[in-house]
Amino acid sequence: MAIIITETFELPLHWLPALVNDDNSHMDDVEIARLDRFIKHQLEHYEIFNVVSYSEPYFSGWHDAREFGELAGDVCECEVQVATYKGD
């Protein structure tokens, strides 16, 4: 049975088109690789990772993508539905 919860992540603004609309055409290869590493990491913990809403952008040096190589920049607080599966 899936347990779906909402988590909050601070994510780079330029990642949102890729996360929300599956459109990474504005990103270069390095940015795509960073986002791919982030998504792979999340999918090691969650079965589903779906951005459902986000705030107005603001500048931040500390955010959830920092460990994947993203530096300070405009970020949004994103509400993300995540799911884990538990045995019945």
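The following questions and answers concern a predicted model of one protein chain.

User: What should I know about the model before reading its values?
Analyst: This is a predicted model, in which local features need pLDDT of at least 70 and side-chain atom pairs count only at pLDDT 80 or more, while totals for chains, interfaces and linings use all residues. Residues are numbered from 1 along each chain as its sequence is written, and side-chain values use heavy atoms, with hydrogens and water left out.

User: What makes up the secondary structure of the protein chain?
Analyst: The chain has two helices and four strands, and along the sequence they follow the pattern β-α-α-β-β-β. Helices (H or I, at least four residues) and strands (E, at least two) are DSSP runs, numbered from the N terminus.

User: Why does the radius of gyration of the protein chain agree with that of a compact globule?
Analyst: The radius is taken over C-alpha atoms, and the globule rule is 2.2 Å times the number of residues to the power 0.38. For 88 residues a compact globule would come near 12 Å, and the chain has 13 Å, so the value agrees. The C-alpha atoms fill a box of roughly 45 × 25 × 25 Å along the principal axes.

User: Why is Tyr 54 called partly exposed?
Analyst: Buried means under 20% relative accessible area, exposed means over 50%, and partly exposed lies in between (1.4 Å probe, protein chains only). Tyr 54 has 47% relative accessibility, so Tyr 54 counts as partly exposed. Tyr 54 is in strand E2 (residues 48–54).

User: Which residues does Tyr 54 contact, leaving aside neighbours within four places in sequence?
Analyst: Contact means heavy atoms within 4.5 Å. With those neighbours left aside, Tyr 54 contacts Leu 16, Val 20, Cys 76, Glu 77 and Cys 78.

User: What makes a set of residues a nonpolar core?
Analyst: The members are buried Ala, Val, Leu, Ile, Met, Phe, Trp, Tyr and Cys residues joined through side-chain atoms within 4.5 Å. In the largest such core, of 19 residues, Trp 15 and Phe 38 touch the most other members. Two or more residues each come from strand E1 (2–12), helix H1 (16–21), helix H2 (29–43), E2 and strand E4 (73–85). E4 gives the largest share, four residues. Nonpolar side chains tend to be buried together in soluble globular proteins.

User: Which residues does Phe 38 contact, leaving aside neighbours within four places in sequence?
Analyst: The contacts of Phe 38 beyond those neighbours are Phe 9, Leu 11, Trp 15, Phe 49, Asp 64 and Phe 68.

User: How many of the residues in the protein chain are buried?
Analyst: Buried residues make up 32% of the 88 residues.
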